[in-house]
Amino acid sequence: MAVTEISSPAATAAPGKHRAAVATSLPPARGQSFLKLVTTELRKSVDTRSGRVLILAILALAVAALTWQLTHMNSGQQAFDSYLAAASTGVQLLLPVIGVMAMTSEWTQRTALTTFTLSPRRVRVQLAKFVSAIVLSVVVLTATTVLALAATAIGGATGGDGATYAGLGGALAGAYLTTALNVVMGAAFGAVIAQTAVAILVFFVAPTAWALAGPALFKDNADWLDVFGAFGRIAERDLHGMVPETLTAIGVWIVLPTIVGLWASSRREVK
């Protein structure tokens, strides 16, 4: 006669209870802090070859512009704000591209699945990308500011009339603010479009097209959507009595694309 082994309910339930006890004894998983996300995104921006090339190109353009300024000095005192304007040309032109690439890289390089698996809260990750782009813009602009200060001192020493740093604080405040807004605008376009080449093209073409065609079509009303005019007034620290026009242009070209980009990124299909 075959003997059937009968296990007791307690013995059967024991492994399950053991697994439950082990599971409850494990420490709860902690999400990444926002500072950690910003640090990670900042490292991703400078670790790529394209990111490093862009930063080096910005600094090279600053050196070239300052060299030209020194070799074509005007008579009189050498003003810091003119050297800063020359040095920051590359920053204003190329640095927003890094903001675009920060937002599009997850989709064009197909790393979104890995990123959003490790950090499922997409809006939080996208905000970290915005912050990292702003931090990088501050660092790069600081480097070009140091170059501008050195060039101003050299120009003042070699020109014979000395250098002037009048309005230094205001010039730096305007430069940092407009640079940050420009980078956020680039990142916003990248968040909306999610394709690097297309986003860069639209970023450069759309506001430029409006700046050229707007005055011909809408006369003075074109100032309401002229983001370059808004940047210029902010950089000069003088809104010329055009506060509503400036805020409207900033809202349409920066705030609105940022909101739409965050919304689209949170719902975009991850492949």
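Contacts between residues 24 or more positions apart make up 76% of those with a separation of 6 or more in the protein chain. This is a predicted model, and 38% of the chain's 271 residues count as buried. The protein chain holds 11 helices and two strands. Read from the N terminus, its elements go α-α-α-β-α-α-α-α-β-α-α-α-α.

Helix α8 covers residues 168-193 and helix α9 covers residues 196-218; the two pack at an angle of about 125 degrees, and their axes are 9 Å apart. An angle over 145 degrees would count as roughly antiparallel and one from 65 to 115 as roughly perpendicular, so α8 and α9 are oblique to each other. The crossing in which α8 passes α9 is right-handed.

Who meets whom here? On the α8 side there are Asn182, Met185, Gly186, Phe189, Gly190 and Ile193, and they meet Val198, Ala199, Val202, Phe203 and Pro207 of α9. Sorted by class, that contact has eight nonpolar residues, three polar ones and no charged ones.

Now for the rings. The structure has five aromatic pairs. Phe189 and Phe203 make up one of these, and its geometry is edge-to-face. The partners sit 14 residues apart, Phe189 in helix α8 and Phe203 in helix α9, and the pair links distant parts of the chain. Phe189 and Phe203 are both buried. Trp210 and Phe218 pair up too, with their planes at 25 degrees; planes under 30 degrees apart count as stacked, so this pair is stacked. Here are the two pairs with their values:

| Pair | Centre to centre | Angle between planes | Geometry |
|---|---|---|---|
| Phe189 and Phe203 | 5.9 Å | 80 degrees | edge-to-face |
| Trp210 and Phe218 | 5.5 Å | 25 degrees | stacked |

Trp210 has 21% relative accessibility, so it counts as partly exposed. Phe218 has a relative accessible area of 43%, and therefore is partly exposed as well.

Back to Phe189 and Phe203: together with Phe204 and Trp253 they form one aromatic cluster. Trp253 belongs to helix α11, which runs over residues 243-267. With a relative accessible area of 13%, Trp253 is buried. Trp253 and Phe203 are 50 residues apart along the chain, and their C-alpha atoms are separated by 9.7 Å.

Which residues does Trp253 touch, leaving aside those up to four places away in sequence? The list is Met185, Phe189, Ala206, Pro207, Trp210, Leu225 and Val227.

One more residue, in another helix. Thr144 is found in helix α7, residues 122-159. Its relative accessibility is 0%, so Thr144 counts as buried. Not counting residues up to four places away in sequence, Thr144 touches Leu59, Ala62, Ala87 and Val91.

Note on methods: Residues numbered from 1 in each chain as written. Predicted model: local features only at pLDDT ≥ 70, side-chain atom pairs only at ≥ 80, totals over all residues. Heavy atoms only, no water. Axes fitted to C-alpha atoms, helices over the stretch in contact; angles between N-to-C directions. Helix = DSSP H or I, 4+ residues; strand = E, 2+ residues; numbered from the N terminus. Parallel < 35°, antiparallel > 145°, perpendicular 65-115°, else oblique. Left-handed = near helix turned anticlockwise from the far one by under 90°. Contact = heavy atoms within 4.5 Å. Nonpolar A, V, L, I, M, F, W, Y, C, P; charged D, E, K, R; others polar. Phe/Tyr/Trp six-rings, centres within 6.5 Å; stacked < 30°, edge-to-face > 60°. Buried < 20%, exposed > 50% of the residue type's maximum accessible area, 1.4 Å probe, protein only.
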